[in-house]
Amino acid sequence: MEYIKTQAEGLELSRVGLGTWAIGGANWGETNVDEAIRTIHKAVDMGITVIDTAPIYGCGHSEEVVGKALSDGGRRNKVVLATKCGLSWDENGNAYRDCRPETIRKEVELSLKRLKTDHIDVYQIHWADIKVPFAETAGTMQELVNEGKIRAIGVSNMSNAQMDEWRKTAPIHTLQPSYNILENKLFEDQIPYCLENDINVIAYSSLCRGLLSGKYYVGMKFREGDMRNEDDPKFQGENFKNHIAAVDALKEYAEQFGKSVSELAVRWVLDKGVSCALWGARTPEQLDNIPGVMGWSLTKEQCQEMEDIVAKHVPVQVGKEFLTPPYRED
């Protein structure tokens with residue numbers, strides 16, 4: 001495993017982290033808890049230090065599973081535990097943004113309880129809430145650092161202008177954007193900004209919701225309750241065919257390195273300036289290719305060749321607006 005230091009004292013990130021959205025069950029179909037716990041155990045035992053979760057992943061379920069897994073065998077002190085705040089949900093489980101100071105303070109206590117810990121290593125604003133002045137939200141996060149409840153401040157899905165506004169009040173230690181070879185235009189401006197301002201990037205969707213695992217095919221169906229069956233445009237109609245064609249072409253490109261397409265795709269993410277690429281998994285077997293990401297690198301020219309391959313098959317970037325949570329009604 002490769003590791004990278006952060007500007008937050010004492011925090012070191014593994015270059016690949018475990019993403020636990022699917023473990024929460026919501027939007028991904030039912031998850032087997034025992035298998036999920038074995039997955040978390042395997043991740044930690046193989047040297048992964050970053051475990052990323054959020055309250056909205058299954059309305060607290062993912063955090064509870066992570067907390068249970070890390071309380072076994074003293075694994076909690078081996079990881080950089082990252083979770084989020086700023087997304088609340090209604091009685092039907094529908095998410096909405098809420099970054100009011102009183103909400104954040106309520107959320108952090110609930111997360112600490114679910115995670116069975118006395119502090120959170122990286123606490124991240126899940127989505128910007130423009131209904132609340134950034135000075136109020138950022139100030140609350142800094143207070144939590146001062147109180148020892150969190151160690152580092154993170155934000156997710158923020159623009160450079162929003163980060164500029166935030167940093168007038170409090171530091172940003174990490175940014176978590178969506179970033180993968182199939183959708184590399186979505187947050188491409190944030191990577192240079194973070195490199196310039198010493199902000200570590202923890203990228204989610206590095207495998208593009210499994211597309212870059214290389215195991216998908218045109219016409220396949222996902223388990224009941226999985227958003228990819230109907231909601232995600234990348235998995236529908238011609239878009240899906242185009243994305244599968246791009247992945248197949250990347251598979252051929254990966255052969256020259258003796259790598260799988262997932263190993264190649266995540267190495268691309270790291271070599272584009274990302275500190276830690278999140279690898280979503282809910283079974284131990286889904287972690288098997290992670291060692292193949294380590295110990296080698298792509299040149300700038302090879303990264304560009306991969307981007308050119310994708311552009312031949314996916315000329316138009318398909319956004320993720322369907323997952324953008326609304327603002328609360330008040």
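Me: Which element gives the largest share of the lining of the second largest pocket?
Reply: In this predicted model, α3 does, with five residues. The elements that give two or more residues to that lining are β6 (87-89) and α3 (101-115). The pocket holds about 240 Å³ of space.

Me: What makes P55 part of the lining of that pocket?
Reply: A lining residue has an atom within 4 Å of a pocket point. P55 is listed in the lining, so P55 meets that cut-off. Others in the lining include W89, Y96, D98 and R114. By class, the lining has five nonpolar, two polar and four charged residues.

Me: Why is N157 called buried?
Reply: Buried means under 20% relative accessible area. N157 has 9% relative accessibility, so N157 counts as buried. N157 sits in the loop between β9 (150-156) and α5 (160-166). Its phi is near 60 degrees, a positive value in a residue other than glycine.

Me: How do you know whether R209 is buried or exposed?
Reply: Set its value against the cut-off of 20%. The relative accessible area of R209 is 9%, so R209 is buried. R209 is not a glycine, yet its phi is positive, about 55 degrees. The loop between β11 (200-203) and α7 (237-254) holds R209.

Me: How do you know that β3 and β12 pair?
Reply: Pairing needs at least two bridges. Four bridges join β3 (residues 16-19) to β12 (residues 276-280), so the two strands pair. They run parallel. L18 has W279 in β12 as its bridge partner.

Me: What do the strands form?
Reply: A closed barrel of eight strands, in the order β3-β4-β5-β8-β9-β10-β11-β12, with parallel pairing. The twist from one strand to the next averages 30 degrees.

Definitions and conventions: Residues numbered from 1 in each chain as written. Predicted model: local features only at pLDDT ≥ 70, side-chain atom pairs only at ≥ 80, totals over all residues. Heavy atoms only, no water. Axes fitted to C-alpha atoms, helices over the stretch in contact; angles between N-to-C directions. 1 Å grid on protein atoms, 1.4 Å probe; cavity = no way out; pocket = protein on both sides within 12 Å on 5 of 7 lines; lining within 4 Å. Points joined across faces, edges and corners; volume = space filled by probe spheres on them. Nonpolar A, V, L, I, M, F, W, Y, C, P; charged D, E, K, R; others polar. Buried < 20%, exposed > 50% of the residue type's maximum accessible area, 1.4 Å probe, protein only.
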